Amino acid sequence: MGEAVTRYKMIREGDRVAVGFSGGKDSFTMLESLILLRDRAPINFTVCAFTIEQGKFLAPIEPFGEFLRARGVDWTYRVDDPSIRLLAEQPGHGCDLCSRFRRRAVYEICRELGANVIALGHTADDFCESLLRNVMFTGRVAALPPITWSRKREFKLIRPLMFVTEDLTTAYAKEAGAPVVPCGCSQKTGTVRRSLRDIFAELEKDFPHLKQTMLTAMSNVTTSRLLDLRFLDLEAGREASDGGTEAAFPLLDEPAFNEL
Ligand code: SF4
């Protein structure tokens with residue numbers, strides 16, 4: 001996590017970092033690791049945690065909150081009534097709507113907490129799944145941003161666990177005796193996410209470093225070996241020997257093609 005925080009300049013002197021704590025192994029590991037980092041880092045920053053209740057937890061989260069407080073964590077809990085109403089009125093709503101509701105509640109609470117940085121618990125597994133999902137289902141070569149900003153640049157959003165796999169967060173939470181609270185959505189079957197997880201699990205039997213390799217690939221892009229015209233120099237080498245320009249096959253949307 002320290003490598004990610006340093007490489008992508010996630011935290012700076014004087015920042016107040018609010019950790020989105022979902023009651024799961026990932027956000028618990030991130031929270032504890034950020035606290036350890038805070039105590040060892042050569043810069044000063046503060047850490048607090050918050051949980052938004054959207055009606056998706058399969059068990060009460062307050063006991064976990066008390067567990068955190070006993071470990072010295074400044075934890076805030078908020079029931080988001082609009083999300084609870086949404087769940088009652090449209091139980092089958094998708095992630096788009098749910099995350100839009102969550103985003104509003106998160107910004108509201110972080111404003112109250114005086115935070116300027118929001119830490120999200122996406123792991124190396126999420127980055128790899130996201131890359132595959134985008135390539136295979138949305139027609140984009142993209143994963144998740146390590147850092148990004150809220151629309152008015154009020155908050156910096158960071159993903160410090162980007163190099164940490166879920167094997168590690170599972171082991172860490174177990175070792176710490178954390179009373180992990182599952183989210184109803186994580187139990188769903190028949191989703192793209194579940195299929196991708198199964199593919200990874202199968203491949204990793206033979207290639208245990210698969211995710212590390214994928215993460216390396218995400219920071220080592222060879223744009224000339226992809227098809228995006230924004231990164232290709234189609235004019236290179238077009239100079240003819242007589243100093244003129246060689247004819248090139250016209251692009252599909254060029255008028256010359258339509259006139260053929
Ligand atoms: S997985 Fe569940 S909790 Fe997460 S955004 Fe989708 S609907 Fe909401």
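**View 1. Arginine 153 in the loop between β5 and β6 of the predicted model.** Arginine 153 counts as exposed, because 8 C-beta neighbours fall inside 10 Å and a residue with 12 or fewer is classed in this way. The residue belongs to the loop that links β5 with β6, and its phi is positive, at about 60°, although arginine 153 is not a glycine. For context, most residues other than glycine have a negative phi.

**View 2. Lysine 9 in the loop between α1 and β1.** Here the backbone again adopts a positive phi, of about 45°, at a residue that is not a glycine. Lysine 9 sits in the loop that leads from α1 (2-7) to β1 (16-20), and, with 11 C-beta neighbours inside 10 Å, lysine 9 counts as exposed.

**View 3. The open sheet of six strands.** The strands follow the order β3-β2-β1-β4-β6-β5, and their pairing is mixed. At the edges of the sheet are β3 (75-79) and β5 (147-149), each of which pairs on one side only. On average, and with direction ignored, neighbouring strands of this sheet are turned by 25° against each other.

**View 4. Strand β1 and its pairing with β2.** Strand β1 is mostly covered, as four of its five residues are buried. The strands β1 and β2 run parallel and are joined by five bridges; within this pairing, alanine 18 has cysteine 48 in β2 as its bridge partner.

**View 5. Strands β4 and β6.** The pairing of β4 (residues 117-119) with β6 (residues 156-158) is in the parallel sense and extends over three bridges.

**View 6. The crossing of helices α2 and α7.** The axes of α2 (residues 25-40) and α7 (residues 166-176) come within 8 Å and cross at roughly 75°, which means that α2 is roughly perpendicular to α7. On the α2 side the contact involves Lys25, Asp26, Phe28 and Thr29, which meet Glu166, Thr169, Thr170, Tyr172 and Ala173 in α7. By residue class, the contact of α2 with α7 divides into three nonpolar, three polar and three charged residues.

**View 7. The surroundings of the ligand.** Around the ligand are Lys56, Cys95, Cys98, Ser99, Cys183 and Cys185.

**View 8. Isoleucine 199 in helix α8.** Isoleucine 199 is part of α8, the helix that spans residues 192-206. With 12 other C-beta atoms within 10 Å, isoleucine 199 is exposed, since the exposed class takes in residues with 12 or fewer such atoms. Isoleucine 199 and arginine 151 are 48 residues apart along the chain, and their C-alpha atoms are separated by 35 Å.

Terms used:
Residues are numbered from 1 along each chain as its sequence is written. This is a predicted model: local features need pLDDT of at least 70, side-chain atom pairs count only at pLDDT 80 or more; totals for chains, interfaces and linings use all residues. A residue is near a molecule or strand if its C-beta atom, placed from the backbone, lies within 6 Å of it. Axes are lines fitted to C-alpha atoms, for helices over the stretch in contact, and angles run from 0 to 180 degrees between N-to-C directions. Helices (H or I, at least four residues) and strands (E, at least two) are DSSP runs, numbered from the N terminus. Angles under 35 degrees count as roughly parallel, over 145 as roughly antiparallel, 65 to 115 as roughly perpendicular and the rest as oblique. Two residues are in contact if their C-beta atoms, placed from the backbone, lie within 7 Å. Ala, Val, Leu, Ile, Met, Phe, Trp, Tyr, Cys and Pro count as nonpolar, Asp, Glu, Lys and Arg as charged, and the others, Gly among them, as polar. A residue is buried if 20 or more other C-beta atoms lie within 10 Å of its own, exposed if 12 or fewer, and partly exposed in between; C-beta atoms are placed from the backbone. Two strands pair if DSSP finds at least two bridges between them.
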